[in-house]
Amino acid sequence: MKKKYLLIILVFLFTGCGTMMEPSRKTVTIQSATPVKAYVDGKKFIGEGKVFAFNASNRSRNGDEYVLLKEIGNEENVQTVYLDREYNPWSTWNFLFVYGLPYIVDYPSGGTGRLANLNYYMPDFSMKNNSNFSKNEEVDKLSKELERMKMKNEIKKELELERTKERVLKLEASSLN
């Protein structure tokens, strides 16, 4: 009986706090303003649309590192959302008990790190919208240039008219003499 209790106590002491106290997976939500197809680590398809929720590995080692977003209808337009990680404060308790021995469980299992952010938002990165925007800019630029050219032509006509009036006045003045 004493061996059982001793074994349970040893297992508890040598199990890392970061591994025990944090869940191995957490739900991550990604919202994209652009309709996309989403892939975890560029491989595992998780869905298409504008909002995704999936269970990501909460461990810093061998965990999900990023989500690849490919614009629907233009799969060459790709954005990457890197999953933020942070130090798991529960791992600090390993140093307070048994001189850090449980850390040898936390470090290889990834219990020393955890997901820092569970909600991500990706603004519009659509190439279609951007190309329309640049086309609109170009149209505006050309319209302004056309207006300037019209103004120049009007100014030229007015100057020609003034010169003609001056010539007529000179001719009238010289004919009177």
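Modeller: Buried means under 20% relative accessible area, exposed means over 50%, and partly exposed is what lies in between (1.4 Å probe, protein chains only). Keep in mind that this is a predicted model, where local features need pLDDT of at least 70 and side-chain atom pairs count only at pLDDT 80 or more, while totals for chains, interfaces and linings use all residues. Residues are numbered from 1 along each chain as its sequence is written, and side-chain values use heavy atoms, with hydrogens and water left out.

Colleague: Okay, try me on Glu75. Why is Glu75 called partly exposed?

Modeller: Glu75 has a relative accessible area of 36%. That value falls between the 20% and 50% cut-offs, so Glu75 is partly exposed.

Colleague: And what makes Lys37 and Glu75 a salt bridge?

Modeller: The term asks for a side-chain nitrogen of Lys or Arg within 4 Å of a carboxyl oxygen of Asp or Glu. For Lys37 and Glu75, the N to O distance is 3.8 Å, so the pair passes. Lys37 sits in strand β1 (residues 25-40) and Glu75 in strand β4 (residues 74-82), 38 residues apart. Lys37 is partly exposed too, because its relative accessibility is 24%.

Colleague: How many salt bridges does a search of the whole structure find?

Modeller: The search turns up 2. Besides Lys37 with Glu75, Arg114 forms one with Glu86, and their closest N and O atoms are 2.9 Å apart. This pair also links distant parts of the chain, since Arg114 belongs to β6 (residues 113-115) and Glu86 to β5 (residues 85-87), 28 residues apart.

Colleague: Are the two partners buried or partly exposed?

Modeller: Arg114 has 18% relative accessibility, so Arg114 counts as buried. Glu86 has 33%, so Glu86 counts as partly exposed.

Colleague: You keep saying "strand". How many helices and strands does the protein chain have?

Modeller: There are 5 helices and 7 strands. Both are DSSP runs numbered from the N terminus: helices are H or I with at least four residues, strands are E with at least two. From the N terminus on, the order is α-α-β-β-β-β-β-α-α-β-β-α.

Colleague: What makes β1 and β2 a pair?

Modeller: Two strands pair if DSSP finds at least two bridges between them. β1 and β2 run antiparallel and are joined by 12 bridges, so they pair. One example is Val40, whose bridge partner in β2 is Lys44. The two strands form a hairpin with 3 residues between them, and Asp41 in the turn has a positive phi of about 50°.

Colleague: How do β1 and β7 run, parallel or antiparallel?

Modeller: β1 and β7 run parallel, with 4 bridges, and Ser32 has Met122 as its partner in β7. β1 and β3 are antiparallel, with 5 bridges, among them the one from Val36 to Glu71.

Colleague: Which residues have the most contacts inside the largest nonpolar core?

Modeller: They are Val28, Ile30, Phe54, Val67, Leu69 and Leu83, in a core of 16 residues. A nonpolar core is a set of buried Ala, Val, Leu, Ile, Met, Phe, Trp, Tyr and Cys residues joined through side-chain atoms within 4.5 Å. β1, β2 (44-57), β3 (66-71) and β7 (119-122) each supply at least two residues of this core, and β1 gives the most, with 5 residues.

Colleague: What is Leu69 in contact with?

Modeller: Contact means heavy atoms within 4.5 Å. Leaving aside neighbours within four places in sequence, the partners of Leu69 include Ile30, Val36, Val78, Met122 and Phe125.
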